[in-house]
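Work through them with the structure open.

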Amino acid sequence: MLNRDRAWLWYLLVGTVVAVAYIVLPANQATNWIFPLVNATGGIAAFIGLRRNRPRNRSAWTMLATALALSAVGDIIFAGYDLFQAEPPFPSVADVLYIAAHLLAAAAVVRLSHHAGRDSFLEAGVLTVPLALQYWIHIISPTMHDQGNALAVLVAVVTPVSTLIVLFGALRAGLSMEMRKMPARLLVAGMVCWFVPDAYYATASLNGTYTAGGWMDLGWMLMPLLLGAAALHPQMPQLNVPLHVSTNILSVRRYLVVIAGVLALDAYAALSAHGVARLVGLAVLVSATLAAVRIRRPLRDMGRRATQDALTGLPNRTELLRRLTFALAELPSDGSSKVALLFCDLDRFKDVNDSLGHEAGDRMLVTIADRIVATVRGDQDIVFRLGGDEFVILMPGATDEDTDAVAERLVTTFTEPIVIDGVELFPSVSVGVRTTDDFQADPAELLRDADTAMYQAKSGGRGRAERFDDRYAAAASARLRLDTELRHALVNGELLCHYHPEIDLVTGRLYALEALVRWQHPERGLLSPDEFVPHAETHGIIGQLFEQVLDQVLTAQDGWLAEFGWRPTVAVNVSPRQLNDSRLIPVVLAALEAHDVPPSALILEVTETALVDEAVMTGTLAELRRHGVAVAVDDFGTGYSSVSRLADRHWDALKIDRSFVSDFTDDPAREGVVHAMIALAHALGLRAIAEGVEDEPTLAKLRELGCDAAQGYFYTRPVGASDISRMIAVSPEWSGSTLAISG
């Protein structure tokens, strides 16, 4: 039984043998029918391939199969004239069918290559335009001056023009497809075999030198055989121009194709001229040939630099995107295989560069590149280096099992030690896996998804593989949107301060106001700091946010000073990330000076996680306190500070977190913890401030335990500066009932 995967090859071989037999056998009534019968098989084979392979671009292949069928019908009509020894009219029905076949074939290759980029259009034009000029001089212009009837002249002109269109479409498709695939080679070769005999026939007909049955007729028979074989080939469904045009580097191969075509046209023009014109043409041909040879090596070197990583010799990002576009285009329509990207990033590679130097790091990267290449599926997969310690594996025609196996080898067999300058290093890699069977997927988005999955692998513990999940993309998209909107908010003044009073439990008066930032989002309304401050910290804009809050606080203080003749002390939260920023101290001091505010009117609140950094305590915090700015430890008890750190006395107050204060009156153990915290603060000479006070029993118990100040909803919720002004106006003594009524 004939192997279906080899049917195209047997069809091509048998058809070629029959076509050659037509040329070498003596012409008679029987052998004359070989020509139309061979040509008729092209359309039949194309329709069979269309039905069997079910290509994604079905319309293009349908047009091509129909074109072959129309051309075959025209051949049968002419064979009928020969059978009855009748002279065919010109133009005949067969001529009309030939023209329709040309136009349909042109439409088919245009359809196949309609996503092709500008480069392939220009390169096909470089070959076609000079040929079109030759056509005009030697074929079209003489035909138009023929004294025949207008219809005959029109048909005679349209035929070579449509042939040129077929050639242009074939060249454009060939220059934009991945020519490694056999169907692409068969398709382009078939189109060229359609054009060359047509060009010869048009010229020979004008000169009166054409005779049927010559070797040029072999090209007409090879055309349907090659196109039919392309349709029957099992890789035919993968014959697609990428939907996403990649960066096209003019490779040496493509350069030679274009230049060879131009030189062939120059040679034809020189040999068809006479006298001095021929000598000039030959001189131009020799000069162009020398220039083409001279530029070949620099072009090859330029292409290598543009597509290859200099350190490892692996292809680079540009080449990755190009190969990925073709891999997507070649995806089968039945979803039987996928394209996979494995984004690999070395863990803690920066430590190698910092400790051993960049030269040692480069040597390690070369070794790592060799190890990654050793883990893939031989020649099926391609390893790329994007830069730094980032590598990507492209796996065309992969299954989930294939990608899992490669990812497993990467994270498990990758950890053999590497010795660099006598130092034994144990590398590990985090891998992000992204697969797709969608030929319309965007290459850049797939790469970004794989990168996102890799970062998920790192955050999950490093030295592991993580498969991309849509939730990652949604989270990444949300972070990107939040970052953009928050930066706009900083520019547009959408951030505002609310103030939460801290009341002295001995005098009942205001001890301080804590400034709490809010974001008046134009679409989502008023947002709490938990929804955007962590993002500001991790994305490097917390300093800008702090500066805006500080300016608002000092401006509000200016207003209260003007209205009431006194400036309430305000506490502003400082991120632990800011405490290592050398700009913090000058920013604070400059703001105080700009508003003519005494440092004692400002308290900076830091969470106790900052206490673990000795440089922060002896540097930033100590310097601020030397300038008179008070420092309070916020959310005490929720971090991991030690009593020895508290004893260093680089702060002025200790705020007991609400998680300890809430409902502590009904829990002796929790009450004991709060009592101990208050006693600890007093022993260190610090004020004890309780957060989360929501009722009178809690407030009474805190007074009983000797707490210095309290803050919570029992007094008021955080409110704007104008509400604080009304509260101050109502009562200088901030009792719970008064504040609740005024709020």
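This is a predicted model: local features need pLDDT of at least 70, side-chain atom pairs count only at pLDDT 80 or more; totals for chains, interfaces and linings use all residues.

Q: Which residue does the side chain of Arg 726 meet in a salt bridge?
A: Arg 726 lies in helix α25, residues 721–730. The N to O distance is 1.8 Å, and the partner is Asp 723.

Q: What is the relative accessibility of Asp 723?
A: Asp 723 meets Arg 726 in a salt bridge. Asp 723 counts as partly exposed, and the value is 24%.

Q: How many residues apart in sequence are the parts tied together by the pair Arg 625 and Asp 652?
A: The two side chains meet in a salt bridge, 2.9 Å from N to O. Arg 625 lies in helix α20 (residues 614–626). Asp 652 lies in the loop between α21 (643–646) and β14 (653–656), so the pair ties together parts whose separation in sequence is 27 residues.

Q: Is Asp 652 buried, partly exposed or exposed?
A: Its salt-bridge partner, Arg 625, counts as partly exposed at 27% relative accessibility. Asp 652 has a relative accessible area of 28%, so it is partly exposed.

Q: Is Glu 466 buried or exposed?
A: Glu 466 forms a salt bridge with Arg 464, 3.0 Å from N to O. Arg 464 counts as partly exposed at 29% relative accessibility. The cut-off for buried is under 20%. Glu 466 has 17% relative accessibility, so it counts as buried.

Q: Which residues are linked with Lys 655 in a network of salt bridges?
A: The structure holds 27 salt bridges. Lys 655 belongs to a network of them.

Q: Where is the place of Pro 599?
A: Pro 599 is partly exposed, with a relative accessible area of 26%. Its place is in the loop between α19 (584–594) and β12 (602–607).

Q: How far apart in space are Pro 599 and Val 629, C-alpha to C-alpha?
A: In sequence they are 30 residues apart. Leaving aside neighbours within four places in sequence, Pro 599 is in contact with Leu 592, His 627, Gly 628 and Val 629. From C-alpha to C-alpha, Pro 599 and Val 629 are apart by 4.9 Å.

Notes
Residues are numbered from 1 along each chain as its sequence is written. Side-chain values use heavy atoms; hydrogens and water are left out. A salt bridge is a side-chain nitrogen of Lys or Arg within 4 Å of a carboxyl oxygen of Asp or Glu. Buried means under 20% relative accessible area, exposed over 50%, partly exposed in between (1.4 Å probe, protein chains only). Helices (H or I, at least four residues) and strands (E, at least two) are DSSP runs, numbered from the N terminus. Contact means heavy atoms within 4.5 Å.
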